[in-house]
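Please walk me through this structure.

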Amino acid sequence: MTVDSELEGQIAEWRAYMDRRRELHHTDADELEDHLRSRITELTEGGLRTDEAFLIAVKRMGSLDDLSREFAREHSERLWKQLVLPGEPDSPATRTRRELPVMVLCAAIAALAIKAPGLFGLDMSDDNGSFYARNISLFALPALAAYFAWQRRVGIRVIGVLAALFVLGAVAANAYPLADDSQSIVLTAIHLPIALWLVVGVAYAGGDWRSDRRRMDFIRFTGEWLIYFALLALGGGVLTAFTMGTFQAIGLDAEGFVSQWLLPCGAMAAVVVSAWLVEAKQSVIENMAPVLTRVFTPLFAATLLAFLVAFIWTSNGIDVERDVLILFDLLLVIVLGLLLYAISARDLTARPGLFDRLQLVLVVAALVIDVLVLVAITGRITEFGFSPNKTAALGENLILLTNLAWSAWLFLGFTRGRLPFARLERWQTRYLVVYAAWAWTVVLAFPLVFDFR
Amino acid sequence: MHITKDLVAASATPLVLGILAEGESYGYAILKQVNDLSGGQLEWTDGLLYPLLHRLERLGHVESDWQTPPGGRRRKYYRITEQGRAELAEQRRQWAAVVDALRGVWSAAPSITPIMAPAWEAGR
């Protein structure tokens, strides 16, 4: 009996080590324990003493670090934030210690970069508004990409590609002779950040941008980054209000300082700081994006269904105003976001449940509404011809529509238990390339196609 | 004889799918069967089988559920899916091509065969 209890004690200790690893879920540890026990049973039947059998069985299981690393590779959704996988040979402690200074350096570079044009006479006044609008993403995102490039130790070739893409973006934003009030300027100001954000994604993936898992990690990162950025912006708003108020109380006007230094530099630095926060503080709180998704998916589904019912009931036509296409583009973006973050947090092997059906309802409702809008708007476009704005809005609509339509199809297959959920995930990660291609097309080709209108 | 890590990794998926194609099974039994089939030549680190099984599950090649046999421990059983069978057939075609090519090389260079063959035997 004592031999048995000794063995049980050893197994319990081993089990405790397992449970301490975040990348190993409880059920995984159960599965491994079952394996360990089977092995011990076999060895003791072969004539070994239990403690010998235990040692051999543990040894054959492989080192805990190797094991956790393999589990982490396979289940990156469980600890995607933990960037340096445990026991990886290239994760010396010195690097984590230098992490904070490097981040501060990158944030400082981003903050100073936005003041650099001021040295060349392009100060932040309304006259230069379009310069800053075009180039806004070129101040902070290179610093962010550099931070990731350092942290992931990417190769020299990847660094070359990243640098080339940022230069390309800078040339595209500034080389075309665009008038300050042209539509193309606005389009560049919107699309260049998207294009360059996906370039940051290449750095985020450490150059391994073809990997579906790394892409999904980047999607998760994007959602969390947005949330942290919004939180920092809120804090920054409070700081601004106090700066203005307190200085006003002693008769000094701080508005110049706030609008020239505090806001622009703070916003640029916040881009890098939020990224660092996402990376560093992930283990402290639950991922927020999936939680928000859970809350808002039913609400959005209800709203869209109500809209459809009202549309059919009243038989009011959709008022095809100029901005309506953009409004519905944004709606599709939100629905897609809800879908993406539900996917990113989902346990890939769980069976379809009520929430998945709700998600399907949401996607289908958005699709139906969008088709209605497209039908209504086609007439207008053929009547008035293509402008850069309309073409971009229409293109985006079609891209999102394609994505959601195929997602709905895959989702239907999944809820009926015919397709694995991973198919849907793969579809979304592969589709990132389409966004990149479209954003670059708008930035690079639209001004040429539309004669710099 | 020691089979290199790369070869072990490359052959893991078709081996596991092939074993599951004969009927549902669990991790330890799969590992034992790999061991038997290869005459002890293929040595896997035990624990690393499970991440592989989970990956196959995520890709939809296998399904799993927990079962408790009467008087036994709770255990996770894996079953191959239709998609997994298709994948197995595909892997089989690919491996057949590789083996054919290798055979061609061995017979084209006859000096290798007679020396190597006894070496393999001796390694056992």
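**Contact between the chains**

The contact takes 23 residues from chain A and 18 residues from chain B; two residues are in contact if their C-beta atoms, placed from the backbone, lie within 7 Å. This is a predicted model: local features need pLDDT of at least 70, side-chain atom pairs count only at pLDDT 80 or more, and totals for chains, interfaces and linings use all residues. Residues are numbered from 1 along each chain as its sequence is written, while chains are lettered from A and ligands numbered from 1 in the order in which they are written.

Q: Which element gives the most to the side of chain A that touches chain B?
A: Helices (H or I, at least four residues) and strands (E, at least two) are DSSP runs, numbered from the N terminus. Those giving two or more residues to this side are α2 (26–45), α3 (50–61) and α4 (64–74) of chain A. The top contributor, with nine residues, is α2(A).

Q: How many residues of the side of chain A that touches chain B are charged?
A: Asp, Glu, Lys and Arg count as charged; Ala, Val, Leu, Ile, Met, Phe, Trp, Tyr, Cys and Pro as nonpolar; the others, Gly among them, as polar. This side has seven nonpolar and five polar residues. Its charged residues number 11.

**Two helices of chain A**

Q: Are α16(A) and α17(A) roughly parallel or roughly antiparallel?
A: Helix α16 (residues 354–384) of chain A and helix α17 (residues 388–415) of chain A have axes 9 Å apart, at an angle of about 150°. Axes are lines fitted to C-alpha atoms, for helices over the stretch in contact, and angles run from 0 to 180 degrees between N-to-C directions. Over 145 degrees counts as roughly antiparallel, under 35 as roughly parallel. The angle therefore makes the pair roughly antiparallel.

Q: How many residues of the contact of α16(A) with α17(A) are nonpolar?
A: The contributors include L360(A) and V363(A) from α16(A), and L401(A) and F411(A) from α17(A). Four residues of this contact are polar and four charged. The nonpolar ones number 15.

**Chain B**

Q: What pattern does chain B follow along the sequence?
A: Chain B has five helices and three strands. Read along the sequence, they run α-β-α-α-β-β-α-α.

Q: Over which residues of chain B does pLDDT stay under 50?
A: pLDDT is the predictor's confidence in each residue, from 0 to 100. Chain B has a mean of 83, and 87% of its residues reach 70 or more. The stretch under 50 has two contacts beyond four places in sequence; it is residues 117–124.

Notes: Angles under 35 degrees count as roughly parallel, over 145 as roughly antiparallel, 65 to 115 as roughly perpendicular and the rest as oblique.
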